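Please read the following note with the sequence and the structure open beside it. The points start from the overall make-up of two chains and then move to the places where parts of them come together.

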Amino acid sequence: MQAHELREDETVAFDVPELLVDRATHYCPGCHHGVAHRLVAEVLTEMGVAEDTICVSSIGCSVFIYNYLAVDTVEAPHGRAPAVATGVKRARKDKIVFAYQGDGDLASIGLAEIMHAANRGERMTIVFVNNTVYGMTGGQMAPTTLVGQKTTTCPSGRCRDTEGLPMKMAEIIAGLGGVAYSARVSLDSVKHIRAAKKALRKAFDVQQNDLGFGFVEMLSACPTNWRMDAVKANKRIAEEMIPYFPLGVYKDVTEAEGVC
Amino acid sequence: MSSEKTERIFIKGNEAIAHGALAAGCRCYFGYPITPQNDIPEMMSSAIPAAGGEFVQAESEVAAANMLLGAAACGVRAFTSSSSPGVSLMQEAISYMAGSELPGVIVNMNRGGPGLGDIGPSQGDYFQSVKGGGHGDYRTYVLAPATCQECYDMMFEAFDVAYRFRTPVLVLGDAIVGQMKEPVTPWKRDDLDPATEGADWRLQGAKGRPARLLKSLFLEDGALAGQNRNLQAKYEAMKELARAESFETEDADLVVVAFGSIGRIAKSAIRKLRAQGHKVGLVRPVTLFPFPEKVLQDLAAKGKRFLTIEHNCGQMVDDVRLAVRAYCDSDFYGHMPGELPGSDDFLKPILDALGRK
Amino acid sequence: MSRVVFLEDRCKGCLLCTTVCPKSIIRQSSRFNRQGYKVAEVPAEDMHECTACTSCALICPDAAIRVYKTKKTKAGE
């Protein structure tokens, strides 16, 4: 426990797990990677599996999870984390394996890898942080960029005719045979963060219980590339993103016997 | 290293790769269909689960190579196989394995190229294999089998070198080597201990120790330079393993340099010419990287001349010329990819080279 | 009585915490930390209003907030 300055007559109402490395992050103010990292650290700690977990980091701002989570980690090429995670899990089926990816990495270059790992029912958990842009590289259009949203590669706003509609990954993944759990959550409010943690736990549970592939899409902000301050960016999630990317559980086989 | 030999089996080179990998302790195979190596994933799909390992037919060669990266990160012996266009897709993952220092083994049964090419043999992937088909300053250890027995034996060496140096290793065959059938004597190793291999760097969960990180990203000032120096030192250290087969070179006037199946076919041509009294020999590089330059330099120092024969438009000849540059040049005969080579095809080029002074 | 502690070196001044406090006692201070962010704070005179709901800590992306609840001896707690 990192309980700073706890007094004799107090209990700790909120502290962060030791699995979250005790250092300031480099992420932008209002970036939800910090929240997502913390939820992963909490879930792994509560499950008691942190020492048997292997993380696959992806390419984007997401790569730096390895600086903030004290878990054995391998860095995957852009989009390939689900394939690398497949190799890890097949090599060490006794370990908990998860990949942590952004929307450019997972839904663009990595679409084949995520869908096939999901379809095979690989016993792994995917944490998908969706902020509707390529963050690390300066805010280019991503497969999840909303129609009309301006980015550096669609400066007039995403146009449906030439760029298509944003992809709804939680629904797509839910449609694949090997998936045991697929949900979309948001990190924009306290209520949503509490629900996000529950969904994340479920996505790890289905792995641990050998039921199939676990997937959680977390709607997040990118204040810097959205050209907004953190509070405004956070509001955008509720006002613009949730209406298009509805929150919910799209597949959950935990009542049944699994997927294989 | 103890070994037990068993009865000979009559198998394809592709099958020998699979047999050798299993005997060498491979526990994960990731593959994808492409001619002329399909025997490998087909055989592994039943043989490796039977041996307690894992088989995945990946969604693409890109995915297969990345699965290999993941398994290698865990210190588990794993390999993938493909042919030229598929190996092109694997280049990014190979570069990442080199930069992250991961021991993956990749088998390439070279077919005709460029592009879709044909399904016959060629040696057009020499540059891709030896000069590094992926980005950045890395090299892969490259073995070039010429017989089905070498296909089997080289899988042991491939894994051993991969783990000794923490580096990806390539086994470069071709459609001839992959599809021909020969008797192979299988053998096993008794001294392999997967529990200890890679124990000081592999990922297995941070129990009782700090978390480990396997990566190729080095952003801090000077960090990437340090990693590159580390890698270069590794490749320098590999040089002691360079080797070649020498055949009738002692009194040869002309030395043919050829690798893989072409080395074997050249040997037949040389036997024919020797029977006619011509003084011709062969150096068949077995490791393409590190290149056996010393063998060639020693022969060049004795005044011998060279003819490089390849099944491509001229790739290894560059390395032969570099090796002997202090003494002489090398002639070149390239059998064109898309035409099957036979030993008679090499007679005239060798005689022409002999005739040139 | 409860209280929150802001680890000011971690705070990036994003002010998300100010949007979720049910007692509205979190505000932007006038202090800059070493990173140049204007940090959030609960003025000392308002700390007694804190209920340890942990909303601020939950929404903080930087693990910059700790929340402590005084152990109560009153019945019903």
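1. A residue is called buried here if 20 or more other C-beta atoms lie within 10 Å of its own C-beta atom. On that criterion 59% of the 260 residues of chain A count as buried, and in chain B buried residues make up 56% of the 357 residues. Please keep in mind throughout that this is a predicted model.

2. The secondary structure of chain A comes to ten helices and ten strands, and its C-alpha atoms fill a box of roughly 55 × 50 × 30 Å along the principal axes. For 260 residues a compact globule would have a radius of gyration near 18 Å, and the value of 18 Å for chain A therefore agrees with that expectation. Of the contacts in chain A with a separation of 6 or more, 67% are accounted for by residues 24 or more positions apart.

3. Chain B has twelve helices and 15 strands, and its C-alpha trace spans about 70 × 50 × 45 Å along its principal axes. Its radius of gyration is 20 Å, which agrees with the value near 21 Å that a compact globule of 357 residues would have. In chain B, residues 24 or more positions apart account for 79% of the contacts with a separation of 6 or more.

4. Chain B is divided into domain 1, covering 9-202 + 230-239, and domain 2, covering 242-355, and the C-alpha centres of these two domains of chain B lie 26 Å apart. The contact between them takes 27 residues from domain 1 of chain B and 22 residues from domain 2 of chain B. On the side of domain 1 that touches domain 2, the elements of chain B that give two or more residues are helix 5 (126-132), strand 6 (141-143), strand 7 (169-174) and helix 7 (175-179); helix 5 of chain B provides the largest share, with four residues. By class, this side of domain 1 of chain B has 14 nonpolar, nine polar and four charged residues.

5. Strand 2 of chain B (residues 28-31) deserves a separate look. B:C28 and B:F30 point one way from this strand, whereas B:Y29 and B:G31 point the other way, and all of them are buried. Four bridges join strand 2 of chain B to strand 3 of chain B (residues 54-57), and these two strands run parallel; within this pairing, B:G31 has B:Q57 as its bridge partner.

6. Chain B and chain C, by contrast, do not touch, and their nearest C-alpha atoms are 19 Å apart. Between chains A and B, 35 residues of chain B are in contact with 29 residues of chain A. The elements of chain B that each supply at least two residues to this side are strand 2, strand 3, helix 3 (61-73), helix 4 (84-100) and strand 9 (213-214), and helix 3 of chain B gives the most, with nine residues. This side of chain B has 22 nonpolar, seven polar and six charged residues.

7. Why does B:A58 count as buried? B:A58 is buried because 25 other C-beta atoms lie within 10 Å, where 20 or more are required. B:A58 has its place in the loop between strand 3 and helix 3 of chain B. Leaving aside neighbours within four places in sequence, B:A58 is in contact with A:A83 of chain A, and also with B:F30, B:G31, B:Y32, B:A63, B:A64 and B:M67. As for B:G70, twelve residues from B:A58 along the chain, the C-alpha atoms of the two residues are separated by 13 Å.

Terms used: Residues numbered from 1 in each chain as written. Chains lettered and ligands numbered in written order. Predicted model: local features only at pLDDT ≥ 70, side-chain atom pairs only at ≥ 80, totals over all residues. Buried ≥ 20, exposed ≤ 12 C-beta atoms within 10 Å, placed from the backbone. Pairing = 2+ DSSP bridges. Contact = placed C-beta atoms within 7 Å. Nonpolar A, V, L, I, M, F, W, Y, C, P; charged D, E, K, R; others polar. Domains from an automatic or database assignment. Rg over C-alpha atoms; globule rule 2.2 N^0.38 Å.
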